[in-house]
Number of protein chains: 2
Amino acid sequence: MNAALQGIADAGHATHAHTGAWVAAQLRQRISDGLLPPGTKLSEQTLSEALGVSRNTLREAFTVLAGESVVQRIPNRGVFVAAPGADDVREIYRVRRLIEPAAVLWGDVPAGALDAMDVIVDKARAARAEGSVAGMADANQELHKALVSLSGSASLDALMEKVLAEMRLVFHAMATTPDFHGHYVERNAALVAQIRNGQREEAAAELRRYLDGAEHELLIHIGAIP
Amino acid sequence: MNAALQGIADAGHATHAHTGAWVAAQLRQRISDGLLPPGTKLSEQTLSEALGVSRNTLREAFTVLAGESVVQRIPNRGVFVAAPGADDVREIYRVRRLIEPAAVLWGDVPAGALDAMDVIVDKARAARAEGSVAGMADANQELHKALVSLSGSASLDALMEKVLAEMRLVFHAMATTPDFHGHYVERNAALVAQIRNGQREEAAAELRRYLDGAEHELLIHIGAIP
DNA sequence: GTAAGCAAGATTGTTGAACAATCTTGGCGT
DNA sequence: ACGCCAAGATTGTTCAACAATCTTGCTTAC
């Protein structure tokens, strides 16, 4: 049995409203944390035994995760943890480059939203100070999620969440994880300041340049651009 | 058996790669066409017999459709065709008001895209000339889908498709279906002309006003605004 | 007469087993 | 080394069963 699956069965086992949804959540977490790296095959028999659920219920969870593109289903071959490639990275940034600046430009900023973003920026600075790449990555994702949430739309929040989950898969697929985020800590801070000053258009334009650069850097690192 | 289900079993029955996906497609179609109106209960036993599939496979289809918000699942109560309310309408327009103008503003316009839009506008005019409300509604949805596709993003296309499907449910839920779209035919045409002229910012701003008005009109009609 | 409470029936949630279809693996022969 | 074929393993789908929950209709008390 895969070591990453050990102990899943022990975690809170009270009767769950929807067992299928619970199984999906467990797998989503394990995948997001990198315990189940991209490309890993998720065997029905192994997993159903490890999780203590029937194959049917597990397949329901697979259907949920496949709908979220967390997992790829190949007919008669099985289910694999999604392994995003260069095209997926480009698609991720197409989405981000559209909804993030749009939320900055047209979203309304509720009281406290900017303060919350400042807290996130401080968290990123603290992580940088102690050299925590993971901490910076988390803070970065948190900030960009907060930007999209200016839209006030749950659907866009969900789309952004899906996109960021795919970003985590991209990072997990990389052999070495250099510090992409260090460069962006202060750029994020400047962005928040611009929004606070009401310079929406400038912030949106800057954010688009920012995302262009980030995409380019990432594509170079995964070898899609020489 | 519900009359809307008659004949489903007869439609092309060759072995399907994924029966669950096929069942989901059948139901999605029936719901989108209004044969299964919002609020309809989808009984597992009835449907599994009508479609000639097992309850397990049907439940897999339900999981897919629930993930698309086409259907609402209430634990131990069953599955119902989604019945969007005023809040859902507001959410729909939050999304549209963000991604449509953003695609107009920042998308790149591939050769032929504008001509394709002109064709759609002509289709809308023809539908209006012969008084076909359904024809105008279809053309309208097609045009706005084309606007979002300027983004070049499959994810945003999918989100727009989901949103428009929800819009159809809203219309199906209305007792009377007045002509919302007649007013917008020429406004759509003007929008395409602005894009053709390179007046992106003006087009985006106009589109936002347009969507504001449409949301307001719809909310009034469903009685959410006095 | 109405409302609360309860029992019987129906529906959903989950499991286990079974079988067909397809894929993978290993050995075989050329 | 290469292709081919049979055996085993895995997935796709169905069926049957049972527990948990909901619905319905009846009874009973006030």
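Mentor: In this predicted model, an N or O atom in the side chain of R77(B) is 2.5 Å from a phosphate oxygen of DNA strand D. Such a pair is a polar contact (N or O atoms within 3.5 Å; within protein, one must be able to donate a hydrogen and the other to accept it, and residues adjacent in sequence count only if both atoms are side-chain atoms). Residues are numbered from 1 along each chain as its sequence is written, while chains are lettered from A and ligands numbered from 1 in the order in which they are written. Local features need pLDDT of at least 70, side-chain atom pairs count only at pLDDT 80 or more, and totals for chains, interfaces and linings use all residues; side-chain values use heavy atoms, with hydrogens and water left out.

Of the atoms of DNA strand D that come within 4 Å of the protein, 70% are from sugar and phosphate. Two further polar contacts reach phosphate oxygens of DNA strand D: a polar side-chain atom of R59(A) lies 2.5 Å from one, and a polar side-chain atom of T19(B) lies 2.6 Å from one.

At least two residues each of the surface near DNA strand D come from helix 2 (44-51) and helix 3 (55-67) of chain A and from helix 3 (55-67) of chain B. Helices are DSSP runs (H or I, at least four residues), numbered from the N terminus. By class, the surface near DNA strand D has three nonpolar, 13 polar and seven charged residues. Ala, Val, Leu, Ile, Met, Phe, Trp, Tyr, Cys and Pro count as nonpolar, Asp, Glu, Lys and Arg as charged, and the others, Gly among them, as polar.

DNA strand C is surrounded by 22 residues, the closest being T19(A), N56(A), T57(A), R77(A) and R59(B). Sugar or phosphate supplies 71% of the atoms of DNA strand C within 4 Å of the protein, and bases supply the rest. A base is reached by N56(A), which has a polar side-chain atom 2.7 Å from a base oxygen of DNA strand C. Helix 3 of chain A and helix 3 of chain B are the elements that give two or more residues to the surface near DNA strand C. That surface comprises three nonpolar, twelve polar and seven charged residues.

Finally, consider how helix 3 of chain A is packed. Helix 1 (residues 19-32) of chain A packs with helix 3 of chain A at an angle of about 60 degrees, with axes 8 Å apart. Axes are lines fitted to C-alpha atoms, for helices over the stretch in contact, and angles run from 0 to 180 degrees between N-to-C directions. The two helices of chain A, helix 1 and helix 3, are therefore oblique to each other; angles under 35 degrees count as roughly parallel, over 145 as roughly antiparallel, 65 to 115 as roughly perpendicular and the rest as oblique. In this contact (heavy atoms within 4.5 Å), residues of helix 1 of chain A including T19(A), V23(A) and L27(A) meet residues of helix 3 of chain A including T57(A), L58(A) and F62(A). The contact of helix 1 with helix 3 of chain A has eight nonpolar, three polar and one charged residues.

Technical notes:
Near = heavy atom within 4 Å.
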